[in-house]
Amino acid sequence: MAGLKWIRLETTMFENPKLLYLQEDKQYRTIVSYLQGMCYAGRHGLAGFIPKAALRIIGATVMDANRLVAEGLWLPAPGGW
């Protein structure tokens with residue numbers, strides 16, 4: 001495997017207003033998709049890139065990805081985010 005077996009998270013990440021808004025709207029699957037995306041990118045050494053084909057693997061939908069983009073947590077990129 002090219003990537004890491006662990007990723008580093010800030011202990012205050014859930015105090016970020018972007019995540020607070022998702023929590024307020026009960027978008028828990030979207031939040032988990034964000035975390036799983038970080039794990040996927042770390043595991044495969046992708047420097048934060050999430051390929052569109054990986055959405056199914058991380059349990060996310062295009063709607064989840066669009067919410068993450070709307071909140072400024074993901075940025076669109078060719079072939080993914």
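Predicted model: local features only at pLDDT ≥ 70, side-chain atom pairs only at ≥ 80, totals over all residues.

Trainee: What makes the secondary structure of the chain, in helices and strands?
Mentor: The chain has 4 helices and 0 strands. From the N terminus on, the elements run α-α-α-α.

Trainee: Why is the chain said to agree with a compact globule?
Mentor: A compact globule of 81 residues would have a radius of gyration near 12 Å, and the chain has 12 Å, so the two agree. The C-alpha atoms fill a box of roughly 35 × 25 × 20 Å along the principal axes.

Trainee: What makes a residue of the chain count as buried?
Mentor: The cut-off is a relative accessible area under 20%. Of the 81 residues, 31% count as buried.

Trainee: Why is a set of residues called a nonpolar core?
Mentor: The name applies because the residues are buried, come from a list of types such as Leu, Ile, Tyr and Trp, and are joined through side-chain atoms within 4.5 Å. The largest such core here has 17 residues, and L19, Y34, I50, L55, I58 and W74 are those with the most contacts inside it. Two or more residues each come from α1 (17-24), α2 (28-43), α3 (55-58) and α4 (62-70). The most come from α2, with 4 residues.

Trainee: Which residues does I50 touch, leaving out those up to four places away in sequence?
Mentor: I50 touches G37, A41, I58, W74, G79, G80 and W81. Contact here means heavy atoms within 4.5 Å.

Trainee: How much of the accessible surface belongs to carbon and sulfur atoms?
Mentor: Their share is 59% of about 5500 Å².

Technical notes. Residues numbered from 1 in each chain as written. Heavy atoms only, no water. Buried < 20%, exposed > 50% of the residue type's maximum accessible area, 1.4 Å probe, protein only. Rg over C-alpha atoms; globule rule 2.2 N^0.38 Å. Areas by Shrake-Rupley, 256 points an atom, 1.4 Å probe, with all protein chains shown as cover.
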